Amino acid sequence: MGAKILVLGSGGREHALAWKLAQSDLVEHIYVCPGNGGTATNPKTTNLSLSLTPPYQDLVCFAVQNEINLVLPGPEEPLVLGVEKHFRKVGIPVFGPSELAARMEGSKAFSKEFMERHNIPTAKFRTFSSAQLGDAVDYVRNCGFRVVLKASGLAAGKGVLIPSNVDEAVEGLKQIMVANTFGAAGDQVVIEELLEGPEISVLAFSDGYTIVPLPAAQDHKRVGEGDTGPNTGGMGAYAPAPVANPVTMNRIMRETLRPTIDGMRKEGFPFVGLLFAGFMLTDAGPKVLEYNVRFGDPETEALMLLLGDDVDLAAILLACAERRLDSVQISTRQAFSVSVVLVSGGYPGPYPKGKHIEIGDIPSGVVVFHCGTALKGNLLVTSGGRVMAVTATAPALKDALTLAYTACDKISFEGMTYRRDIAHRALTASKKTAQGLTYADAGVSVDAGNALVTAIKPYVHSTRRPGSDAEIGGFGGIFDLKATGYDDPVLVGGTDGVGTKLHIAIEVGLHDTVGIDLVAMSVNDLLVQGAEPLFFLDYYGCSKLDVTTAAEVVKGIAQGCREAGCALIGGETAEMPGMYREGDYDLAGFAVGAVERHLILPRQDIVPGDVLLGIASSGLHSNGFSLVRKIVSISGLSYSSPCPWDENISLGKHLLEPTRIYIKQVLPAVKTGLLKGMSHITGGGFIENIPRVLPKRLGCYIDASTWPLPPVFRFLMEHGSVEPLQMARTFNNGIGLIAIVAKDQVERTLDLLRQGSNAPVYIVGEVTDKSGVEMKNLEYWATN
């Protein structure tokens, strides 16, 4: 005997699924509850009139008595309310997720937090309870981007507001959180960044382990042509969407679909069913707008026609429910499919029902799926806002559209309306391609690059010095080494970046200080080898060039170069759509310096008893920020919170204090020959950095009680429960540079280092004959 399948729902999606299931040799009969006028006449199909509300007793009894082999819920509400467990308890499999897994659609707050945990690309966001109106208002006023407001729970597709300005956003928050416009769905509100770009829908089968996507579709939410008017449940769809090219689809699978399925399984709620993810194709790549845990409507109507004749939908659904999806083949036609939705007059507002529907001769290649119809005696009448989804397939998109619209003209009912521009995005893009693409069409703006060069020229010119006039615009930067007056120079090169400190700069919106960091990290590395920095080059990479942000970064780089006494002689700005997340950027710097051959550091005469001098850091500098960000995330504070040890500035601004540049303070001592060696305390702290300058078999001790531990490090220790020894191997802890001097030269060196600088210098340790770094008096950090 064949399989008996129970489909829950009454729309075009359910008719399309029943239509495809009826073609399966595995299927004996299909029951649809409650169904519509189309499923009533579908082969092998019977409509049911049973309650679709929890605890689903009538449905479960019917399923048991009629030996149902599989249940297929169409809408999201039964899944979110846990319909799966009621059938599982009586041994009937469900093609659909458990109640826990359905939270991916039932709670936007839950799904966004899941994406954050698993590094799945999505918009920046914050979640607020209905009691946190003040905090939510503060966030939209200070976040620095346009926002979207989303009621976290199910709101019948209407729980999203897109305010055009901050005042509208504040009013929208009041509507959701105070006036309860969306009822219990608004008990939590997700405020997220407004994304821009083409939107696509990707529907994928999954058994909890394997995931197989169908071709991407694009739907049309607005009721009016040209995407105007209010939102609807969907006025039409087409697939495959040309904008979702193979590279994009591979990226979606790699960055979103596979991590989603793996993450849900690892967290204990594996996903079985149809995962429907909405994406915005931003300049930084595909980002998830939302998850749905069921077939989309009207996407399903279009996609069912794309499944090959040899594809058995029943076999796929059963394989998913039995956790063996990898045992079936899923293929799609090399064609396009289009669905045009016919709606009642007045939709999506109030509309009449019971209007008689007449259907003429429908062309071959077209299937009319019923969305909101009923049989009244022998008459087919309207019973919903969306009445029918006229769906056609053809080798070319234009031909599929022609077929669909020809069929629409064969259907009539009073007040019928529909959009005549379905697939307009694809047609416009096709026309644009035929006319010839430009670099700007690929997301790269030559004009923005030119504007940046103009904006930064004054900053660059301010760094001129002997050997360079600091002009940019050529193919390479020129530096005249002879003009520096060196007798026997050796060139020293260094390169570095800023690391994840950039994440804080981007979130806070403060970009010039990381430019100083970029210079400092490289020039301080030159200094510890005895070199004077001569010139600097930078690299700025982004997805979409924001001239204002980039100019602020270069302004900081120029300031750092002036502090270091080096010329900014060139750089590279790389705009690479899809390489970085939207709004992100990355930095790298390259510095070259010179040192007289006889002054190269470290020297080989370092011996036990030599003294370690520590020069104070300005703060965290540019290392350890992955741990810093983790600690802040669990501290209950945000980067906009007042700094706990200095309420005059924000926590984020304090963390962005730029790295101290030691050139002017230390270089005079280098040139006198007083210093035997130096260590720049960067990633790895004291433990990893000081041994790099010591001869083999020698080590040192550092006495942690010889300088005050700055408050930022105490904050990290306390809120992150970081052990003192771990602090010593991660952060600079208030000492950014170590200098090694002979014991009899300590006072002279201290006098020289303290002249003309407010950076304190401390005697912090000695060189020993035991390799490694011994940290003494670490308990001082925890008690003082």
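L149 stands opposite L161 in β7, where strands are DSSP runs of E of at least two residues and helices runs of H or I of at least four, both numbered from the N terminus. The model is a predicted one, in which local features need pLDDT of at least 70 and side-chain atom pairs count only at pLDDT 80 or more, while totals for chains, interfaces and linings use all residues. Residues are numbered from 1 along each chain as its sequence is written, and side-chain values use heavy atoms, with hydrogens and water left out.

Strand β6 (residues 147-151) pairs with β7 in the antiparallel sense over two bridges; pairing requires that DSSP finds at least two bridges between two strands. Both belong to an open four-stranded sheet with antiparallel pairing and the order β5-β8-β6-β7. Because β5 (125-129) and β7 (160-161) are at the edges with a single partner strand each, one side of each has no neighbour in the sheet. Helix α8 (residues 166-177) packs on this sheet and touches β5, β6, β7 and β8 (188-193), contact being heavy atoms within 4.5 Å. The direction of α8 makes about 5° with that of β6, from axes fitted to C-alpha atoms, for helices over the stretch in contact, with angles from 0 to 180 degrees between N-to-C directions.

In helix α7 (residues 133-142), A136, V137, Y139 and V140 are buried, that is, under 20% relative accessible area (1.4 Å probe, protein chains only). Viewed down the axis of α7, these residues fall within an arc of 160°, so they line one face of the helix; the arc is that of the directions from the helix axis to the C-beta atoms. They pack against β5, β6, α8 and β8.

Methods:
Buried < 20%, exposed > 50% of the residue type's maximum accessible area, 1.4 Å probe, protein only.
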